[in-house]
Amino acid sequence: MGTTKPSIGDLKTRLEEARTQFGPLANCPVRDVIDIISGRWSSLLMLALAEHPHRFGELRRLVPDISQRMLTQTLHELQRDGYVNREVFPTKPPGVEYSLTELGHSMFEALNVLIQWADENHAAVTAARRQFDSQRESA
């Protein structure tokens, strides 16, 4: 069963309802949920964990330009929001493995649509940026 695309009027109505219910957009529940997922590293880590569970070192190798501190912080944020599970194994030294939770898998389905869209439209976005930048330079 397909979903219908909301009209501009529908979106404006939903925005007004959110403002009425939650006050300023800073209190918006959608923004609250999206903030972590829209972070620089979250989508890459979710993509890696969607394939299968990984240990910390594996994730660090899969995303080589992330610092250890940022990897730790991002994994903590994803855990806190219920997307990622951290399992500690009683080995010497203790083994730790990260995996997506059921909530994480459901969120990744939506994120994957955006990832596919970005991949398919990267060239168009790059061209639009070049055109915008050249118009600004000539103005």
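Student: In which helix does serine 42 lie?

Tutor: Serine 42 lies in helix α3. Please bear in mind that the model is predicted.

Student: Is serine 42 buried or exposed?

Tutor: Serine 42 has a relative accessible area of 2%. The cut-off for buried is under 20%, so serine 42 is buried.

Student: What does serine 42 touch, leaving out residues up to four places away in sequence?

Tutor: With those left out, serine 42 touches Ile36, Ile37, Thr74 and Leu78.

Student: And serine 43, where is that found?

Tutor: Serine 43 is found in helix α3 as well. Its relative accessibility is 22%, so serine 43 counts as partly exposed.

Student: How far apart in space are serine 43 and proline 53?

Tutor: Their C-alpha atoms are 15 Å apart, and the two residues are separated by 10 residues in sequence.

Student: Let us turn to helix packing. At what angle do α3 and α5 pack?

Tutor: Helix α5 comprises residues 68-80, and it packs with α3 at an angle of about 75 degrees, the axes being 10 Å apart. The two helices, α3 and α5, are therefore roughly perpendicular to each other.

Student: Which residues meet there, between α3 and α5?

Tutor: From α3 there are Ser42, Leu45, Met46 and Leu49; from α5 they meet Leu71, Thr74, Leu75 and Leu78. By class, the contact of α3 with α5 contains 6 nonpolar residues, 2 polar residues and no charged residues.

Student: How do the axes of α3 and α6 cross?

Tutor: The axis of α3 (residues 42-51) and that of α6 (residues 102-138) come within 10 Å and cross at roughly 115 degrees. Helices α3 and α6 are therefore roughly perpendicular to each other. The crossing of α3 and α6 is left-handed.

Student: Which residues of α3 and α6 meet?

Tutor: On the α3 side they are Ser43, Met46, Leu47 and Ala50, which meet Gly104, His105, Met107, Phe108, Leu111 and Ile115 of α6. The residues of this contact of α3 with α6 divide into 7 nonpolar, 3 polar and no charged.

Student: So what does Met46 meet in each helix?

Tutor: Met46 is among the α3 residues that meet α5, and Met46 is also among those that meet α6.

Student: What is serine 99 in contact with, beyond its neighbours within four places in sequence?

Tutor: Leaving those neighbours aside, serine 99 is in contact with Leu49, Pro53, Tyr83, Val84 and Asn85. One of these, Leu49, is also among the α3 residues that meet α5.

Student: Now the whole chain. How many helices and strands are there?

Tutor: The protein has 6 helices and 3 strands. Along the sequence, the pattern is α-α-α-β-α-α-β-β-α.

Student: What radius of gyration does the protein have?

Tutor: The protein has 19 Å, whereas a compact globule of 139 residues would have a radius of gyration near 14 Å. The C-alpha trace spans about 60 × 45 × 35 Å along its principal axes.

Student: How much of the protein is made up of buried residues?

Tutor: Buried residues make up 22% of the 139 residues. As for contacts between residues at least 6 apart in sequence, 45% join residues at least 24 apart.

Technical notes. Residues numbered from 1 in each chain as written. Predicted model: local features only at pLDDT ≥ 70, side-chain atom pairs only at ≥ 80, totals over all residues. Heavy atoms only, no water. Axes fitted to C-alpha atoms, helices over the stretch in contact; angles between N-to-C directions. Helix = DSSP H or I, 4+ residues; strand = E, 2+ residues; numbered from the N terminus. Parallel < 35°, antiparallel > 145°, perpendicular 65-115°, else oblique. Left-handed = near helix turned anticlockwise from the far one by under 90°. Contact = heavy atoms within 4.5 Å. Nonpolar A, V, L, I, M, F, W, Y, C, P; charged D, E, K, R; others polar. Buried < 20%, exposed > 50% of the residue type's maximum accessible area, 1.4 Å probe, protein only. Rg over C-alpha atoms; globule rule 2.2 N^0.38 Å.
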